[in-house]
Amino acid sequence: SGQEYMLNLIVDDLDAVLARLRAAGAHVDDNVEDHEYGRFAWFTDPNGLRVELWQPKQDALGEMSKDR
């Protein structure tokens, strides 16, 4: 796609955010991925840039902060 970077936004409720994006007419990727550290989905912003949404599992952010 030639995109040099991707924004990754942390969300509390991925399904609710996806529903709001769809209701607003955004192009939302149908693919949602579940991983041991959370759920991921993507949408394309009005400028054509792909944006990643991440709903971390409850303990994922706590583990990340311990590493700092």
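In this predicted model, Glu52 is buried (under 20% relative accessible area, with exposed meaning over 50% and partly exposed in between; 1.4 Å probe, protein chains only). The side chain of Glu52 does make a polar contact, at 2.4 Å, with the side chain of Asn8. A polar contact is a pair of N or O atoms within 3.5 Å; within protein, one must be able to donate a hydrogen and the other to accept it, and residues adjacent in sequence count only if both atoms are side-chain atoms. With neighbours within four places in sequence set aside, Glu52 is in contact (heavy atoms within 4.5 Å) with Met6, Leu7, Asn8, Leu9, Phe40, Ala41 and Trp42.

Residues are numbered from 1 along each chain as its sequence is written. Local features need pLDDT of at least 70 and side-chain atom pairs count only at pLDDT 80 or more, whereas totals for chains, interfaces and linings use all residues; side-chain values use heavy atoms, with hydrogens and water left out.

Glu52 is placed in strand β5. Helices (H or I, at least four residues) and strands (E, at least two) are DSSP runs, numbered from the N terminus. Strand β5 spans residues 50–56, and six of its seven residues are buried. Strand β1 (residues 7–10) runs parallel to β5 and is joined to it by four bridges; two strands pair if DSSP finds at least two bridges between them. In this pairing Leu9 stands opposite Leu53. Strand β4 (residues 38–44) pairs with β5 in the antiparallel sense over seven bridges, and Phe40 stands opposite Trp54. The hairpin of β4 and β5 has five residues between the strands, and Gly48 there takes a positive phi near 85°.

The segment before β1 contains Glu4. Glu4 counts as exposed because its relative accessibility is 78%. The C-alpha atoms of Glu4 and Leu49 are 9.7 Å apart in space, although 45 residues separate the two in sequence.

Side chains of opposite charge can pair when their charged atoms come close. A search of the whole structure finds four salt bridges. One of them joins Asp15 and Arg39, with the closest N and O atoms 3.2 Å apart. Asp15 lies in helix α1 (residues 14–23) and Arg39 in strand β4, so this pair ties together parts that are 24 residues apart in sequence. Asp15 is partly exposed, with a relative accessible area of 45%, and Arg39 is also partly exposed, at 21%.

Another salt bridge links Arg22 and Asp30 at 3.9 Å, N to O. Arg22 is partly exposed at 41%, while Asp30 counts as exposed at 70%. Asp29 forms a salt bridge with Arg50, the closest N and O atoms being 3.2 Å apart. Because Asp29 lies in the loop between β2 (27–28) and β3 (33–35) and Arg50 in strand β5, the pair ties together parts that are 21 residues apart in sequence. Asp29 is partly exposed, with a relative accessibility of 22%, as is Arg50, at 31%. Salt bridges that share partners join Asp15, Asp34 and Arg39 into one network.

Terms used:
Lys, Arg positive; Asp, Glu negative; His and termini not counted. Salt bridge = Lys/Arg side-chain N within 4 Å of Asp/Glu carboxyl O.
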